[in-house]
Amino acid sequence: AGSPTKGKGEPIYPLRAAGDGGRTVFDGSHRRKIGPVSARVICSGHVFHVQQAVEPRACLVMHLTFVEAGLAGKFWRMREANLG
């Protein structure tokens, strides 16, 4: 079925070691390095919007899975956090 692609049709696979002990790899286009990211910096919407009020965290990315009021609620949460 071919090579999976992302973005502008550039291949993700095959991956190739980037030469630094295997912790990072080049994608299929050999132009982008891909490396591990700690799960601690990938915050759920609950962690970002509710729990950070108690203990701020260094969220690199945030995902909103379930928010009351559907999509409008997600936009509201993003605006509330000055992200939209």
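Predicted model: local features only at pLDDT ≥ 70, side-chain atom pairs only at ≥ 80, totals over all residues.
Residues are numbered from 1 along each chain as its sequence is written, and side-chain values use heavy atoms, with hydrogens and water left out.

## The whole chain

Let us begin with the overall plan. The protein chain has two helices and seven strands; both are DSSP runs numbered from the N terminus, with at least four residues of H or I for a helix and at least two of E for a strand. Starting at the N terminus, the order of elements is β-β-β-β-β-β-α-β-α.

How much of the chain counts as buried? Of its 84 residues, 19% do. The chain exposes about 6500 Å², and carbon and sulfur atoms supply 58% of that area; such areas come from the Shrake-Rupley method with a 1.4 Å probe, and for residues only the protein chains shown count as cover. Contacts (heavy atoms within 4.5 Å) give another overall figure: among those between residues at least 6 apart in sequence, 8% join residues at least 24 apart.

## A sheet of three strands

Three strands form an open sheet in the order β3-β4-β5, with antiparallel pairing. β3 (16-17) and β5 (33-34) stand at the edges with a single partner strand each, so one side of each has no neighbour in the sheet. Strands pair if DSSP finds at least two bridges between them, and β3 and β4 (residues 25-26) are joined in the antiparallel sense by two bridges. Which residue of β4 is the bridge partner of alanine 17? The partner is valine 25.

## The loop between β4 and β5

Now follow the chain into the loop between β4 and β5, where you will find aspartate 27, serine 29 and histidine 30.

Is aspartate 27 buried or exposed? Aspartate 27 counts as buried, because its relative accessibility is 2%. Leaving out residues up to four places away in sequence, aspartate 27 touches Pro11, Ile12, Pro14, Leu15, Arg32 and Ile34.

Side chains of opposite charge can pair when their charged atoms come close. The structure holds one salt bridge, a term for a side-chain nitrogen of Lys or Arg within 4 Å of a carboxyl oxygen of Asp or Glu. That salt bridge links aspartate 27 with arginine 32, whose closest N and O atoms are 2.5 Å apart. The two side chains are also joined by a polar contact of 2.5 Å. A polar contact is a pair of N or O atoms within 3.5 Å; within protein, one must be able to donate a hydrogen and the other to accept it, and residues adjacent in sequence count only if both atoms are side-chain atoms. By this rule, the side chain of serine 29 makes a polar contact of 2.8 Å with the side chain of aspartate 27.

Histidine 30 has a detail of its own. Most residues other than glycine have a negative phi. Phi of histidine 30, however, is near 65°, a positive value in a residue other than glycine.

## A nonpolar patch on the surface

Which residues form the nonpolar patch? They are Val37, Ile42, Leu60 and Val61, with about 360 Å² of accessible area together. Patches are made of residues with over 30% relative accessible area and no salt bridge, joining like charges within 9 Å and nonpolar side chains (Val, Leu, Ile, Met, Phe, Trp, Tyr) within 5 Å.

Leucine 60 sits in the loop between α1 (45-49) and β7 (61-63). Leucine 60 and valine 37 are 23 residues apart in sequence, and their C-alpha atoms are 9.3 Å apart. Not counting residues up to four places away in sequence, leucine 60 touches Val37 and Val41.

## Helix α2 and a table

Phenylalanine 75 belongs to helix α2 (residues 70-80). Its C-alpha atom is 9.9 Å from that of leucine 64, 11 residues away along the chain.

| Residue | Relative accessible area | Class |
|---|---|---|
| Serine 29 | 18% | buried |
| Histidine 30 | 38% | partly exposed |
| Arginine 32 | 38% | partly exposed |
| Leucine 60 | 60% | exposed |
| Phenylalanine 75 | 47% | partly exposed |

Methods. Buried < 20%, exposed > 50% of the residue type's maximum accessible area, 1.4 Å probe, protein only.
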